[in-house]
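We will go from the whole chain to single side chains, one stop at a time.

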Amino acid sequence: MAKRSSLSIRIIEGKNLPAKDITGSSDPYCIVKIDNEPIIRTATVWKTLSPFWGEEYKVHLPPTFHSVSFYVMDEDALSRDDVIGKVCLTRDVLAEHPKGYSGWLHLKEIDPDEEVQGEIHLQMEIVKGQGPQKLRCTVFEARDLARKDRNGASDPFVRVRYNGKTQESSVVKKSCYPRWNETFEFELDESAPGTLCVEAWDWDLVSRNDFLGKVMFNIHGLQATQREEGWFWLRPDQSKKRVDEGSLGSLQLQVWLRDETVLPSSHYQPLVQLLCQEVKLSPQEHPVQLISLIEETTTAECRQEVATNMVKLFLGQGLIKEFLDLLFQLELRRTVEANTLFRSNSLASKSMESFLKVSGMQYLHSVLGPTINRVFEEKKYVELDPSKVEIKDVGCSGLHRIQTESEVIEQSAHTLQSYLGGLLSAIGRSVKMCPAVIRATFRQLFKRVQEHFPENKHQNLKFIAVTSFLCLRFFSPAIMAPKLFHLREKHADARTSRTLLLLAKAIQNVGNMDTVASRAKEAWMEPLQPMVQQGVAQLKEFITKLIDIEEKEELDLQRALNLQALPVKEGPLFIHKAKGKGPLLPSFKKLHFSLTSEALSFAKTPSSKKMSFITLANIQAAEKVEEKSFGSSHVMQIIYAGDAGQSETAYLQCKCMNELNQWLSALRKVCLNNQGMLGSYHPGIFRGEKWSCCHQKEKTSLGCDKTRNRVTLQEWNDPLDPDLEAQLVYRHLLGVQDTMREKYLELRALEAAGNIPNIQSEAAEDGPTQLFQVLQDLERAHRSGLLTTADQEKNYLLELQT
């Protein structure tokens, strides 16, 4: 049994932010920190006090996490970015909202005395002797303290207070991972035990010392145990008054904490087998079909999540094509009007959306990437709507003339035709790039629609069914918001966004097969009509080739794909390898890296021969490096076992925070089941005969900070996790169990009354009944498992994490 926690985060928008620039505006972006560790940076929204981000993330993290903080920043090109304000949500606050926290939160002022982080290792004990009892406090070490000095470190010391008396430790220079190993004793006041306060401070020669956090202990509780030892989180000093709430603006968020207890695989086998058995049945075999019941009882609010979990579950079982085919048949069975087919947000539509994202993201990048990059790089002004055309001067100095509206529209149409033509050509050439499982699924969809609507008047419908998913629900959203699909690192500016929107509309018109309805909706798109009509013919030809895949070819392609080590992540990074005992030079060389399910390799260019590689099984940790180590930010380290078995480290520099965290997440996920993963590491480098982080002089000494193997960002192409997906499906079914039972009894009553056909197949008939029994067994297993782990969870805060 394993506990897994995740945070679903949606950063929606801000309002009433203060102006930080001389122009009376700001350039806001958000940084998200999990326990003071920067995990996410949103795009910058330029020149606004009411920014809209609309960015969504899911972060997997250990169950012991404490808080998530959102910092709203103002980006400056020439100076350090300004902090506008912050919002902090603790684990306890999120636990009070089981369906997620949603709403506006006032930004609060940043107080240096509250910006604390890290943990301190302490031992408190009551010592009995000949005379009065003593209160003894031993301060061993601290880790991940806040960096207060310009050199990227601090000069920490500890101040221990009890009963009006104060003692201080020595100062450890230039370290956020200090080791003191000092003991302090006080005479215990048995009549009024009071409180022991341990404070960490950053020593400064000229200015006042900076507060690094504190820990408070109730001595009355210590008298019962006599001794207590562990790592304790440093807490902020919240005694100061704040700026009036609301004066720094507000931030709209949706944050959902999910704690899942995942049972061993054997517990989920009955549920998985039952669902797999059900997708092999056609809707004609039994009207009371289990998948149909699940669809009817799943609300719109959670349909996307359920669809994603079901898609991943059936992908793992090799039955995704059968699952989606069943949903196609159920949707067609209740469709009367041909023009409404797959237009609603049904389970079939949502499942196909998720399936394309999980299985086809690399294909999407191959098809759309070149055109999207071209739009961003050219930054041309494009507008077809006469009501939105901006008239501007053209020509060189002294020969200015006003460009007419018709000239702007003509020029815009020419630019859009160029983009659209390039995109359609890329789609047409992409048949072989499309994953075999997607091609086979579209073949089934094409066949089912053709069988259900055989009339000549519906001859385009089978093509539209395919394009409704491929163009309208996959390509078009990615064109309009390329950052959300990782096609670009930043959001588009207003001009580029408009170009992308018009291009997405054009692709939608092509996907709709240039119907009269789509043409009449926006008549000003008429200049693109010749290209759209040409695109319809191209798209039909493409779909005909796309679905022309036999089952043997599909299996052969899938088998060949399984033999390949496909890239999990790839791109340019800067490398510096640490070897020997000499000083590390702060020089990094740019190379192309490729991470597969087997190894991390690099070469000079994407097409050149691999220069070297690190086998994944040898990787022991993937962690961040302190900025002061190389004087550079966004550096990570990969610790791995070398050929001789000794530990080696590769240092890689990324270009931004998001790229750093994406690479760390990808590495941690593919190494999740490695046997030799480390529990601690050094966030600094070994230089000058000592570690720069904790000043230990042995290169092989135990790490001074704990590894963060469990902290990862969720991506669509993540490795499948069968047990977790089964648990998520189980939890949903348990929540709608009563509704499903009512619906099932209602359908059985209709069957008994003869309103729906009676079926003799006992196996099919017992599907829902079997499900209710399986859910009951799983609920019992969870209760039993929770009881056995209850004692362990009571003491996890005091667990020594080294």
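## Stop 1: a strand arginine

Select Arg161, which is partly exposed with a relative accessible area of 32%; here buried means under 20% relative accessible area, exposed over 50% and partly exposed in between, using a 1.4 Å probe and protein chains only. This is a predicted model, so local features need pLDDT of at least 70 and side-chain atom pairs count only at pLDDT 80 or more, while totals for chains, interfaces and linings use all residues. Residues are numbered from 1 along each chain as its sequence is written, and side-chain values use heavy atoms, with hydrogens and water left out.

Arg161 sits in strand β10 (residues 156–162). Helices (H or I, at least four residues) and strands (E, at least two) are DSSP runs, numbered from the N terminus.

Now show what surrounds Arg161. Not counting residues up to four places away in sequence, Arg161 touches Thr166, Thr195, Leu196, Cys197 and Glu199, where a contact means heavy atoms within 4.5 Å. Which side chain makes a polar contact with the side chain of Arg161? Glu199 does, at 3.3 Å. A polar contact is a pair of N or O atoms within 3.5 Å; within protein, one must be able to donate a hydrogen and the other to accept it, and residues adjacent in sequence count only if both atoms are side-chain atoms.

## Stop 2: zoom out

Bring the protein chain back into view. Its secondary structure comes to 20 helices and 30 strands. Of its 802 residues, 52% are buried. Take the contacts between residues at least 6 apart in sequence: 69% of them join residues at least 24 apart. The accessible surface is about 38300 Å², and 50% of it belongs to carbon and sulfur atoms; areas come from the Shrake-Rupley method with a 1.4 Å probe, and for residues only the protein chains shown count as cover.

## Stop 3

Step back to Asp144, in the loop between β9 (134–143) and β10. Asp144 has a positive phi of about 55° although it is not a glycine. Is Asp144 buried or exposed? With a relative accessible area of 11%, Asp144 is buried.

Next, select Glu228 in strand β15 (residues 227–233). Glu228 is partly exposed, at 23% relative accessible area. Display Ile126 too: Glu228 and Ile126 are 102 residues apart in sequence, yet their C-alpha atoms are 9.5 Å apart in space.

## Stop 4: into α11

Select His486, in the loop between α10 (461–480) and α11 (494–511). His486 is not a glycine, but its phi is positive, about 60°. Its relative accessible area of 41% makes His486 partly exposed.

Follow the chain into α11, whose 18 residues reach 25 Å from first C-alpha to last, close to the 26 Å expected at 1.5 Å a residue; the expected span is 1.5 Å times one less than the number of residues. Of the 18 residues of α11, 13 are buried, so this helix is largely enclosed by the rest of the structure. Just after α11, Met513 takes a positive phi of about 60°.

## Stop 5: a lysine and its partners

Pick Lys669 in helix α16 (residues 657–670). Lys669 counts as buried, at 17% relative accessibility. Leaving aside neighbours within four places in sequence, Lys669 is in contact with Thr712, Leu713, Gln714, Glu715, Asp718 and Pro719. Draw two distances from polar atoms of the Lys669 side chain: 2.5 Å to the backbone oxygen of Leu713, and a polar contact of 2.5 Å to the side chain of Asp718.

## Stop 6: cysteines

How many disulfides are there? The count comes to zero, taking a disulfide as a pair of cysteine sulfur atoms within 2.5 Å. Select Cys694 and Cys704: the sulfur of Cys694 has its closest cysteine sulfur in Cys704, 3.8 Å away, which is too far for a bond. Cys694 counts as buried at 6% relative accessibility, and Cys434 counts as buried at 5%.

## Stop 7: look down α18

Finish with helix α18 (residues 737–752), which has 16 residues and reaches 22 Å from first C-alpha to last, close to the 22 Å expected. Color Gln737, Met740, Tyr744, Leu747 and Glu751, which are buried. Seen down the axis of α18, the buried residues fall within an arc of 90°, so they line one face of the helix; the arc is that of the directions from the helix axis to the C-beta atoms. On the other side of α18, color Asp738, Glu742, Leu745 and Ala752, which are exposed.
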